[in-house]
Amino acid sequence: MLDDKYHVDRAVGTMQDNKITAKNVQVFYGETHAIKDVNVAISDKTVTAFIGPSGCGKSTFLRCLNRMNDTIDICRVTGDIHIDGEDIYDPRVDPVQLRAKVGMVFQKPNPFPKSIYDNVAYGPKIHGLAKTKSDLDEIVESSLSKAALWNEAKDRLHEAGTGMSGGQQQRLCIARAIATAPEVLLMDEPCSALDPIATAQVEELIDELRQSFSVVIVTHSMQQAARVSQKTAFFHLGNLVEFDDTDKIFTNPQDPRTESYISGRIG
Amino acid sequence: MNAHISSAYDRDLEGITTLIMQMGGLVEEAILRAANSLANRDVEMAEAVRKADEAIDALEEQINEEAARTIALRAPVSKDLRTILSVLRLSASLERIGDYAKNIAKRTSVLVEMNPVPGADTALRRMAREVEQMLKDTLDAYVRGDAELAEVVRQRDQEVDQMYNALFREFLTFMMEDPRNITACMHLHFMAKNIERMGDLTTNMAEQVIYLVTGEMPEEARPKGDKTAFVVETG
């Protein structure tokens with residue numbers, strides 16, 4: 001479907017290769033209307049940042065993209081979300097398969113209480129991505145390398161992942177997420193528990209991952225959004241207020257609500 | 001524009017604006033006093049203008065430091081960022097205008113020793129007043145965030161250019177009439193050129209104000225009135 005694969009980006013006025021297209025997305029938690037009619041097209045091989053104050057719906061919307069909200073009983077999602085033109089809320093879509101394709105990294109590093117090797121090998125194993133042990137070894141090495149962790153981890157692959165530093169654990173989680181060869185990587189405040197050096201390492205990594213994936217990152221740090229993303233979406237009270245090129249958002253936003261938020265004003 | 005959550009941030013930005021206005025006030029005064037010292041053959045006033053330039057330079061330095069501090073500590077974005085970028089350019093332009101005023105004052109000290117060229121002093125004073133008014137309006141536009149007023153100033157520069165053209169021809173005529181006028185006319189011509197350049201710098205400042213308010217530099221070419229580069233002959 002041409003409509004879902006491409007759209008005219010009004011902000012830049014060009015045709016872009018869209019990875020994810022969301023149309024009229026509404027999310028309800030019981031009676032609460034958490035996401036109000038969000039329309040957005042997320043490009044492939046691009047880092048898109050979602051920013052906004054707490055409770056604005058940015059994480060909720062992020063979690064719609066790999067159906068993580070399915071796990072919440074009172075949560076109801078309506079509207080269309082297509083990835084590569086495919087409706088991810090189609091009843092025939094297996095959420096587990098979807099989440100292999102749309103990986104996720106969370107705020108707090110949450111490695112499994114297993115070895116570094118097993119943390120990374122777990123996904124490929126259950127999805128049957130490796131036929132032999134050497135296939136699996138290769139996936140583990142390349143995932144750890146992509147996550148810029150191989151040099152630090154190669155001599156301790158069989159030690160517990162939980163024994164690593166916070167920054168290393170987060171990069172381990174990223175390695176785990178990319179081990180299943182996803183196409184989209186969702187990151188929910190991946191650096192908020194990290195020190196500035198680990199943050200810089202993860203940001204550098206995000207920039208490299210952009211070569212291979214579409215990355216969507218939720219962050220409370222405006223500076224981080226400015227540093228790592230090419231596109232920025234500003235959410236406020238469940239609405240997508242503004243979506244534009246990151247440099248536009250940070251130099252000359254069009255909506256006064258965006259302006260107030262990013263420049264730290266009351267309003 | 002709403003206030004920042006951090007009120008100290010607002011105070012920092014207001015502080016920088018105050019410094020720009022102070023600097024602008026000193027520069028306006030320098031322009032008028034430089035022109036008056038010529039018209040009144042007042043060497044003391046000319047000397048005072050030269051002295052006062054130090055205060056203008058000191059303010060520029062202070063503004064640069066405050067702007068650098070704000071960038072380092074507040075990481076300004078959006079309009080705040082444009083404010084900081086603008087004050088840096090505004091202060092640089094003001095400093096240059098101050099230098100031109102100082103140069104006029106220096107030449108005045110030399111000119112008082114020579115025979116006056118009829119009409120030149122008054123014409124230069126009129127030109128200086130026009131530029132001073134443009135500068136005043138630009139600073140008002142800056143403080144009020146008034147892009148329309150800044151655009152009006154931007155268009156007004158061609159009047160200054162025309163005054164300069166007229167003076168240029170007049171000085172040429174005087175010099176051809178009597179070579180003894182050449183030294184005085186050369187000095188007067190440099191003064192006229194200085195004022196014309198002040199007008200250009202003021203126009204740049206007005207464009208900076210438009211950028212600050214709208215987020216975009218004005219694109220369309222403004223009317224240019226300085227045609228003296230093409231003068232080959234005069235009657």
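These legends walk through close-up views of a predicted model. Local features are described only where pLDDT is at least 70 and side-chain atom pairs count only at pLDDT 80 or more, while totals for chains, interfaces and linings use all residues. Residues are numbered from 1 along each chain as its sequence is written, with chains lettered from A and ligands numbered from 1 in the order in which they are written.

View 1. Helices (H or I, at least four residues) and strands (E, at least two) are DSSP runs, numbered from the N terminus. A:Gln201, A:Val202, A:Leu205, A:Ile206 and A:Leu209 are buried. They lie on the same side of H8(A) because they cover an arc of only 145 degrees around the axis, taken from the directions from the helix axis to the C-beta atoms. On the other side, A:Pro196 and A:Ile197 are exposed. Here, buried means 20 or more other C-beta atoms within 10 Å of a residue's own, exposed means 12 or fewer, and partly exposed is in between, with C-beta atoms placed from the backbone. Among the elements covering the buried residues are strand E4 (47-51) and helix H7 (166-178) of chain A.

**View 2. Two positive phi angles in chain A.** A:Asn24, found in strand E2 (residues 14-29), has a phi near 45 degrees, a positive value in a residue other than glycine. A:Asn24 is exposed, with 11 other C-beta atoms within 10 Å. A:Arg67 sits in the loop between helix H2 (58-64) and strand E5 (75-83), and its phi is positive at about 60 degrees although it is not a glycine. A:Arg67 is partly exposed, with 19 other C-beta atoms within 10 Å.

**View 3. Helices H1 and H4 of chain B, side by side.** H1(B) (residues 7-39) and H4(B) (residues 120-144) pack at an angle of about 170 degrees, with their axes 9 Å apart. Axes are lines fitted to C-alpha atoms, for helices over the stretch in contact, and angles run from 0 to 180 degrees between N-to-C directions. H1(B) and H4(B) are therefore roughly antiparallel to each other (an angle over 145 degrees). Residues that meet include B:Met21 and B:Ile31 in H1(B), and B:Leu124 and B:Leu135 in H4(B); contact means C-beta atoms, placed from the backbone, within 7 Å.

Methods
Contact = placed C-beta atoms within 7 Å. Parallel < 35°, antiparallel > 145°, perpendicular 65-115°, else oblique.
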